[in-house]
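This briefing goes through one protein chain, from the overall fold to single residues. Please read it alongside the sequence and the coordinates.

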Amino acid sequence: MSTTQSERLRELLEPLVSSQGLDLEEIEVESVGRKRVLRVVVDSDEGADLDAIADVSRALSAKLDETDAMGAGEYTLEVGTPGAERELKEHRHYVRATDRLVKFQLAEDGELLARILRVEDDGLDVEVPGVKGRKPTAKRLAFEDIVKARVQVEFSRKDKKEEEA
C-alpha cells in the first residue's frame with residue numbers, strides 16, 4: 001500500500017473512529033488472491049467491546065462505500081482490537097498497559113521483563129519480579145532508552161489481594 005493511500009485512509013477513517021470514542025491504532029491493506037483486505041485496529045483506554053467494534057465497523061463500511069478510497073475492486077473490511085501481546089509504541093499504549101507484565105528491549109541493557117507501575121511524560125516506573133524467592137525491585141525507565149516493548153500474556157498471575165493475605 002502506498003503511503004498516499006495509507007494517509008488518505010487514515011484521514012478519512014480517523015474522525016469516524018474518534019467519534020465512536022476510540023483511537024485508530026493501525027490501518028493495513030493486504031492482497032489476498034484477487035481480493036484485498038483492509039484491517040483496521042482500534043482501541044481505547046477502557047478497551048473496546050464487541051458492540052463498539054460492530055458500531056465502528058458499520059460506520060467505517062458506510063464511509064468507505066460512499067468514497068473511492070479503496071478503489072473499484074472488491075475488498076473485505078476487518079475491524080478489531082490489538083492482540084493480547086501488543087507492541088507498545090505510543091504513550092497511551094504504555095498508560096493502557098499499566099499493571100501489565102511487559103518485555104522491554106533496551107538500548108543498552110538488553111532485555112528486561114517488568115510490570116509497569118506508573119507512566120509519566122518522560123518515562124515509566126516498573127517493578128522487576130524477584131527471582132528465586134527474592135523481592136521485586138523498582139526501576140525507572142526513560143522512553144528514549146526503550147527500543148521495543150511488548151505486553152506479555154500471564155496465565156497464572158496471582159491477584160494482589162491473594163499475595164497480601
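Asp122 counts as partly exposed at 48% relative accessibility, where buried means under 20% relative accessible area, exposed over 50% and partly exposed in between (1.4 Å probe, protein chains only). The place of Asp122 is the loop between strand E5 (110-119) and strand E6; helices (H or I, at least four residues) and strands (E, at least two) are DSSP runs numbered from the N terminus. This is a predicted model, in which local features need pLDDT of at least 70, side-chain atom pairs count only at pLDDT 80 or more, and totals for chains, interfaces and linings use all residues. Residues are numbered from 1 along each chain as its sequence is written, and side-chain values use heavy atoms, with hydrogens and water left out.

**Surroundings of Asp122**

- Leaving aside neighbours within four places in sequence, Asp122 is in contact (heavy atoms within 4.5 Å) with Arg140, Leu141, Ala142 and Phe143.
- Asp122 and Glu144 are 22 residues apart in sequence, and their C-alpha atoms are 8.5 Å apart in space.

**Aromatic pair**

- The structure holds one aromatic pair.
- The ring centres of Tyr94 and Phe143 are 5.1 Å apart and the planes stand at 65 degrees, so the pair is edge-to-face.
- Rings of Phe, Tyr and Trp (its six-membered ring) pair if their centres lie within 6.5 Å; planes under 30 degrees apart count as stacked, over 60 as edge-to-face and the rest as tilted.
- Tyr94 lies in helix H3 (residues 91-96) and Phe143 in the loop between strand E7 (137-142) and strand E8 (146-151), so the pair ties together parts that are 49 residues apart in sequence.
- Both Tyr94 and Phe143 are buried.

**Overall fold and dimensions**

- The protein chain has four helices and eight strands.
- In order from the N terminus, its elements run α-β-β-α-β-α-β-β-β-β-β-α.
- The radius of gyration of the protein chain is 19 Å, whereas a compact globule of 165 residues would have one near 15 Å; the radius is taken over C-alpha atoms, and the globule rule is 2.2 Å times the number of residues to the power 0.38.
- Along the principal axes, the C-alpha atoms fill a box of roughly 60 × 35 × 30 Å.
- Of the contacts between residues at least 6 apart in sequence, 50% join residues at least 24 apart.

**Surface and charge**

- Buried residues account for 33% of the 165 residues in the protein chain.
- The accessible surface is about 10,800 Å², and carbon and sulfur atoms hold 45% of that surface; areas come from the Shrake-Rupley method with a 1.4 Å probe.
- The chain carries 27 positive and 38 negative charges, whose mean positions are 5 Å apart; Lys and Arg count as positive and Asp and Glu as negative, while His and the chain ends are not counted.
- A charge is placed at NZ of Lys, CZ of Arg, CG of Asp or CD of Glu.

- Val41 is in strand E2 (residues 35-43) and counts as buried at 16% relative accessibility.
- Residues up to four places away in sequence not counted, Val41 touches Asp23, Leu24, Glu25, Glu26, Gly80, Thr81 and Pro82.
- One of these, Thr81, is 40 residues from Val41 in sequence and 5.1 Å away, C-alpha to C-alpha.
- Thr76, in strand E3 (residues 75-80), is partly exposed with a relative accessible area of 30%.
- Beyond its neighbours within four places in sequence, Thr76 is in contact with Lys35, Arg36, Val37 and Leu38.
- Thr76 and Arg92 are 16 residues apart in sequence, with 29 Å between their C-alpha atoms.

**Loop between H3 and E4**

- Asp99 is in the loop between H3 and strand E4 (101-106) and is partly exposed, with a relative accessible area of 28%.
- Phi of Asp99 is near 75 degrees, a positive value in a residue other than glycine.
- Arg100 lies in the loop between H3 and E4 and counts as partly exposed at 33% relative accessibility.
- Arg100 touches Ala84, Ala114, Arg115, Ile116, Val151 and Gln152, residues up to four places away in sequence not counted.
- Arg100 and Val151 are 51 residues apart in sequence and 6.8 Å apart in space, C-alpha to C-alpha.

**Loop between E6 and E7**

- Lys132 lies in the loop between strand E6 (123-128) and E7 and counts as exposed at 82% relative accessibility.
- Phi of Lys132 is near 55 degrees, a positive value in a residue other than glycine.
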